[in-house]
Amino acid sequence: MANENKYPNWFLWFYENFAIVLILGALLLAVCGIGLYVMESRLSDIEDQLTFAPPRSYSPPNLDDYPAGDVTVDQLTSKHVVYVPVYSHIYYQGGSAYSLESTLSVRNVNTDAPIFIESIEYYDTDGKLAKNPVDRLIKLLPLQTLEFVIERRDSTGGSGANFLIRWGAESDVNAPIIETVMVGTTGTQGISFARSGTEISVAQ
């Protein structure tokens, strides 16, 4: 009894309940660890929400945002015409029409030189001019992209529609990548495909 009085009561209680204290300590560490993990996950989700910017809905480009400056068509040392197929609809199941939405993309792939778009014309299946979204000389800066959308409800082009793009440059440059992407969805089903432009020779 005399030996027991040599130790404080708290020490004796701790000695007698060491296993319980150890278990409680482990549980406390686990709870703290889980709490920190949940907090970090929530902070990460909040950070993602703050940094993520959803893509804007499409609106036709304002040609005033692509000024050609003092450059005229006559100053372009190289001129080209590119034909790009477009499908405002395709046929399936014995000739039923399936409407598609089409995006024309004109990409200046040069890192240090602009290109100039003289005109962009949209022709229907019969070869008749349906739209001319670009009717003046505009400039695409290095690595800049110009896009035009033919909405799914716009069936004026038909299955054999096409774009004619006239472009040029003041010096020898890489040709732009010009392509159309067609997309259509019905319920849970969808279809998408792309077509690249082909340079053609036409009378100037």
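Q93 sits in the loop between β2 (89-92) and β3 (96-99); strands are DSSP E runs of at least two residues, numbered from the N terminus. Q93 is exposed, at 67% relative accessible area (exposed means over 50%, buried under 20%, with a 1.4 Å probe and protein chains only). The model is predicted: local features need pLDDT of at least 70, side-chain atom pairs count only at pLDDT 80 or more, and totals for chains, interfaces and linings use all residues. Residues are numbered from 1 along each chain as its sequence is written, and side-chain values use heavy atoms, without hydrogens and water.

**Loop residues**
- Q93 has a positive phi near 50° and is not a glycine.
- L143 also belongs to a loop, between β7 (138-140) and β8.
- Phi of L143 is positive, about 65°, though L143 is not a glycine.
- L143 is exposed, with 55% relative accessible area.
- G157 lies in the loop between β8 (145-150) and β9 (161-169).
- G157 is buried, at a relative accessible area of 2%.
- T125 is 32 residues from G157 in sequence, and their C-alpha atoms are 5.9 Å apart.

**Surface patch**
- I20, I23, L24 and L27 make up a nonpolar surface patch, with about 410 Å² of accessible area together.
- Such patches join nonpolar side chains (Val, Leu, Ile, Met, Phe, Trp, Tyr) within 5 Å, from residues with over 30% relative accessible area and no salt bridge (a Lys or Arg side-chain nitrogen within 4 Å of an Asp or Glu carboxyl oxygen).
- I20 is part of helix α2 (residues 18-51); helices are DSSP H or I runs of at least four residues.

Note on methods: Patches are made of residues with over 30% relative accessible area and no salt bridge: like charges are joined within 9 Å, nonpolar side chains (Val, Leu, Ile, Met, Phe, Trp, Tyr) within 5 Å. Accessible areas come from the Shrake-Rupley method with a 1.4 Å probe; for residues, only the protein chains shown count as cover.
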